Amino acid sequence: NLAEGAMLVTLVLLLFLGVRGLGRGTTPAALFAVLAALTALSILWSVQPDGSWQATNLTVTYLLAFLGAIAAARMFPAGWRSVVAGVGLAMVALCAYGLLSKVLPGTLAAAETDGRLQVPFGYWNATGAAAVIGLAPCQWAWQRREAGAWARALAVPGAAVLLTVTVLSYSRTSLIVIVIVIGAW
């Protein structure tokens with residue numbers, strides 16, 4: 001899309017040609033851009049090019065969100081905690097909605113086709129991945145004094161929600177990553 005392209009160019013200019021020059025976040029952003037380029041190239045050899053096209057659009061959108069987070073962190077260097085907290089809160093909210101859909105199956109979402117927790121994404125691996133993404137911010141919040149008393153107090157039940165969603169999604173990859181995240185922490 002033209003809008004995505006314009007946003008990408010603007011963010012790249014802000015990030016890499018800024019006053020401070022290259023800095024933190026440059027390497028992960030470059031690696032993410034390589035992933036997006038490889039995803040786009042996969043259209044050439046894909047059996048289903050329309051599916052690869054959708055995956056490319058999704059990857060570019062994720063890249064834009066990532067670049068936006070890096071730009072925000074550079075514009076507001078002391079505000080990185082807000083980005084981490086926002087990611088944690090968003091993942092806990094999504095996973096809590098998924099759990100509520102399991103408790104109240106007819107009211108919040110369509111009935112599941114099997115026992116795996118798929119709500120809100122419709123795919124259990126994505127639901128498990130959301131839980132994994134939210135766990136690191138929760139771990140940070142409950143173990144650091146600078147997070148504040150409320151954040152530390154709410155991070156523990158948030159982590160419990162995320163771990164429950166990981167188990168109920170039956171996503172093997174998410175379970176493995178959760179063990180790695182907890183072990184690495």
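How are α2 and α3 oriented to each other, roughly parallel or roughly antiparallel?

Reply: The model is predicted, so local features need pLDDT of at least 70 and side-chain atom pairs count only at pLDDT 80 or more, while totals for chains, interfaces and linings use all residues. Residues are numbered from 1 along each chain as its sequence is written, and side-chain values use heavy atoms, with hydrogens and water left out.

Helices are DSSP runs of H or I with at least four residues, numbered from the N terminus. The axes of α2 (residues 26-41) and α3 (residues 49-75) cross at roughly 165° and come within 9 Å; such axes are lines fitted to C-alpha atoms over the stretch in contact, with angles from 0 to 180 degrees between N-to-C directions. The two helices, α2 and α3, are therefore roughly antiparallel, a label for angles over 145 degrees. The crossing of α2 past α3 is left-handed, meaning that the near helix is turned anticlockwise from the far one by less than a right angle.

In the contact (heavy atoms within 4.5 Å), α2 contributes residues including Phe32, Leu35 and Ala36, and α3 contributes residues including Leu63, Phe66 and Ile70. The residues of this contact comprise 14 nonpolar, 4 polar and 1 charged; Ala, Val, Leu, Ile, Met, Phe, Trp, Tyr, Cys and Pro count as nonpolar, Asp, Glu, Lys and Arg as charged, and the others, Gly among them, as polar.

Terms used:
Angles under 35 degrees count as roughly parallel, over 145 as roughly antiparallel, 65 to 115 as roughly perpendicular and the rest as oblique.
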